[in-house]
Structures are given as C-alpha cells and as structure tokens.
There are 2 protein chains.
Amino acid sequence: MSQPSAPAPARRYHHGNLKQALLDAADAILREDGIQGLKLRAIAKRAGVSHTAADPHFGDLSGLLSELAAVGFERLSEAMAQPLPADVPAHANPSGQRIAHGYIGFALANPQLFVLMFRRDVLDRSRPRLQAATATAFQALSSAAGALDGAPNTGPLALPVAGSLIGAWGLVHGIAMLAITDHLSPLLDRVAPSPSPGRWVDAALSAM
Amino acid sequence: MSQPSAPAPARRYHHGNLKQALLDAADAILREDGIQGLKLRAIAKRAGVSHTAADPHFGDLSGLLSELAAVGFERLSEAMAQPLPADVPAHANPSGQRIAHGYIGFALANPQLFVLMFRRDVLDRSRPRLQAATATAFQALSSAAGALDGAPNTGPLALPVAGSLIGAWGLVHGIAMLAITDHLSPLLDRVAPSPSPGRWVDAALSAM
DNA sequence: CCTCCTTCTTTCTAATGGAAAGATAACAGG
DNA sequence: CCTGTTATCTTTCCATTAGAAAGAAGGAGG
C-alpha cells in the first residue's frame, strides 16, 4: 500500500515539472507579497525544493523573473482581446477602445506583475520566451492602434504614423503606470460620485 | 605645521554638511551606475564616511533615496518651466506643449533618476520633502494641462475634467517610461531619417 | 570647566544570490 | 540485466547587503 500506482506528485528527488512549479510559486508570491517577495529562497521553498534548484531551469533569478514576465505579456495579449467592460459605452474606434481598456484593465488587475514586466533592471530580455511574448503583445497593440493610419507591421514608418503609435501606446501605458503607483488617487478622490475604474479610464481616453 | 588654520574640508569627525554630501554622492552614483549602484555602503564610501553614518540624517536607505527622489521632482518642476527645444515648432496650446516637452525631456535626460522617482517600493512617501516636491510638480503639470478646462487646483472635479488631466499626464508619463525602458527603439528604428528626440516626441504629442 | 546630546565609527547579525561539489535518478547502449 | 552518461537537485560555502547596538568624538550651553 505504500507503492501508489499514480506517482505521488511531491517528495520525489526529480520533481518532473519543477520549471512550471517554480513559475507558479513565483506567480503566487508576486500576488501575495509583491516584487519584494520574489526571493530565490522564498520561491524555492514554496515549491518544496532547495534554493538552488532553479539553476538548471532558469540559470539565475533574472531568468526566472523573465519567464514570469513573459507569462505576463502572454496574459496581456489575451486581455487586449477581451470585450469592453459592461459599464463603458462604445464610441468611435471601438477596436482601439477595446485594446486600451484591455491594456489598462490588465495592469489594474495585475499591478505587481505589470510592474515586473517593465522592470528592465531585474529582467533578462535576451530570453526567447520573453522576447516572443513582448513582440506578440506589442504587435496586437500597435496593429489595432495603427489600423487607422494603415501602418504596416514591419518596414519603414513615416514619422507621423510612428508618432501616433507611440502616442497611443504611451497614453495607455502612462495611465496604467500612474494608477498602479498610486499617483491618481489625489485626483480621483476629488470626483464625486467615485467613478468605477472603467468609467474614469474611459473619461481619460476619450479626452484625448 | 599639522594644525592648519583653515579647516580641511574632509577628515573631520563631524562632517558639517554630510546630509548634502550624501545626496550628492548618491546623485553621482545614480548617474554612473544606475539604481543598482545605490547601496548604502557605496554612497557612504563615496562621501568618505562609514556605512551607517547616514542613519542620523535619513533614518534608513529608503529615507535617503526618497530625498534624492524629491530632488528629482524639484528639478522636474524646473524643467517644465523651460522653453521648447529649438527644433520643435510651436503649435496650438503652446503652454501645454512646453510642459509636455519639459516633462519628457527631463525623463530622457535623467532616466535613472526619473525611474527612481516612481519606484514606489524603495521610496518612503511619508517624507515631507518628497511629498512637497511631488505636489509642486504635479500642480505645475495639471495647472497647465487643465487650463483649457478651467480646472481648479483643489476642490471637486467633474469626471470629464479629471479625465482630461489624467489623459494628459498619462500621455507624457507613458511616453517617457516607454522610452526610458527602451521599448520604443523597435518603432523608432523604422523611421528614416532618424528623428531627434524633440521631433518624435512632438510627433507623438500632436497625434493625440 | 563640565555635562548633555548629536554625529559618526566599530562591530555584529541575519538574509540574500550564487558558486562549487556531490548525491540521486532517469536513460541510453550493450 | 548492467553499466556508463547526463540532467536534476541538495548541501555547503562565500561575498555582499541593510541595519541594530554600543561606544567614541566633539560641539553647545550651563
């Protein structure tokens, strides 16, 4: 009775799925404790392994965090494909509006992960998965934002077209970052009645 | 001959101006090595004191970094009062345009400091100097951006007005952050001839 | 001159990332 | 089945870090 036919998922010397387990542990810690909690020892402990067990899979801490950031960009791409929140009326350019709300909504729902995704100092951007996930997300964003200008996904770009892409991306990115770093509450607290995130985000977007 | 009448500025037990000297040292290290280099020991060594000498002046490392961030916000306020770069033609709302270029120009000229100013995790936002400097900078920014809407500096705010303030601030902040984290070069490299920062920033701003 | 209090140094501790070496298991070929 | 090879994981060790604690140095006011 001590030899289960289904292998016990824990306790084995070779974990079998440690890479994913470490990513899951890091994801959970990121939600609970923020980036501060993403220590090699804490992640490994949560996955039930020693603090150097991540070495063969990720190289070093920045490798692990980069893969986690890649997961974030993959989720961001999905979020930008979601429909608008219910309390936001659609207006002109509904595609761009949907992408913008998806971008900012993802950031507000996953603030720590979003910050990590842009923490250049702790990431190793040469990681293939991170490069791919980043490219995919920004492709989705700029194809929607640039549809108005007929901007191609590659090749030469006229300055005004590049400008409109940068402006659109900067707008949603800046709103997200300012909200996450808690720089907007002094402004939003002066608005009565207190608007839902979807509503004030839409107010900011449609003002531009 | 070993007792100079003019006190040697270094070597004294009581430094006399250690607080400013530590800020200067931290500022220099930030420029040279980035935020990574802002270790208590490195800063203290550069100022010629032991690694705990900052304690009486700043409490802990976050106290020191917060004062440095406050210096950053003070400089940002000055930058937003500067005239437009020479290669940028003025158009409608020149006041807002000037503020925007000042904001982004400051970020591009002091990327490490700008990132530090918004690194919520390493700052102690209860520091009076940081609170004051932040408030001043954002007052300057929003008074110019809100002039069009006649937004008061305090008191209740209608949602569309708050939205336009958030949109304007988010736009410049996002452009600055994306540029600093090196997410715009894939786009800008597709523009020929390579535009100066002032030109592409203006292209992004006037697209919105 | 004497005492108090701030400033700064020395010393110590706990925590961290990572290097190095070794143990363990999976897997291949004979 | 048996043995050598390789990737995975553990143990141990080290340098570096922030900060606490205690004490020395020196200025300020009585």
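In chain A of this predicted model, 64% of the contacts between residues at least 6 apart in sequence join residues at least 24 apart. Chain A contains ten helices and zero strands, and its order along the sequence is accordingly α-α-α-α-α-α-α-α-α-α. The C-alpha atoms of this chain occupy a box of roughly 65 × 45 × 35 Å along the principal axes. Of the 208 residues in chain A, 48% are buried.

Helix α1 of chain A spans residues 18–33, a run of 16 residues. The distance from its first C-alpha to its last is 21 Å, close to the 22 Å expected at 1.5 Å a residue. Buried positions in α1(A) include A:Leu18, A:Leu22, A:Ala26, A:Asp27 and A:Ile29. The helix is followed by A:Gly34, which has a positive phi near 80 degrees.

The largest nonpolar core comprises 132 residues. Within this core, A:Phe114, B:Phe114 and B:Leu116 have the most contacts. Leaving aside residues up to four places away in sequence, B:Phe114 touches B:Tyr103, B:Phe106, B:Ala107, B:His173, B:Ala176, B:Met177 and B:Ile180. In soluble globular proteins, nonpolar side chains tend to be buried together.

The largest pocket has a volume of about 730 Å³ and a lining of 30 residues. Two or more lining residues come from each of α6 (111–117) and α8 (159–180) in chain A, and from each of α6 (111–117) and α8 (159–180) in chain B. Nearest the pocket centre lie A:Val115, A:Arg119, B:Val115, B:Phe118 and B:Arg119. By class, the lining consists of twelve nonpolar, ten polar and eight charged residues.

Terms used
Residues are numbered from 1 along each chain as its sequence is written. Chains are lettered from A and ligands numbered from 1 in the order in which they are written. This is a predicted model: local features need pLDDT of at least 70, side-chain atom pairs count only at pLDDT 80 or more; totals for chains, interfaces and linings use all residues. Side-chain values use heavy atoms; hydrogens and water are left out. A nonpolar core is a set of buried Ala, Val, Leu, Ile, Met, Phe, Trp, Tyr and Cys residues joined through side-chain atoms within 4.5 Å. Buried means under 20% relative accessible area, exposed over 50%, partly exposed in between (1.4 Å probe, protein chains only). Contact means heavy atoms within 4.5 Å. Helices (H or I, at least four residues) and strands (E, at least two) are DSSP runs, numbered from the N terminus. The expected span of a helix is 1.5 Å times one less than its number of residues. On a 1 Å grid over the protein atoms alone, a cavity is a set of points where a 1.4 Å probe fits but cannot get out, and a pocket is an open set with protein on both sides within 12 Å along at least five of seven lines; lining residues have an atom within 4 Å of a point. Grid points are joined across faces, edges and corners, and a volume is the space filled by probe spheres set on the points. Ala, Val, Leu, Ile, Met, Phe, Trp, Tyr, Cys and Pro count as nonpolar, Asp, Glu, Lys and Arg as charged, and the others, Gly among them, as polar.
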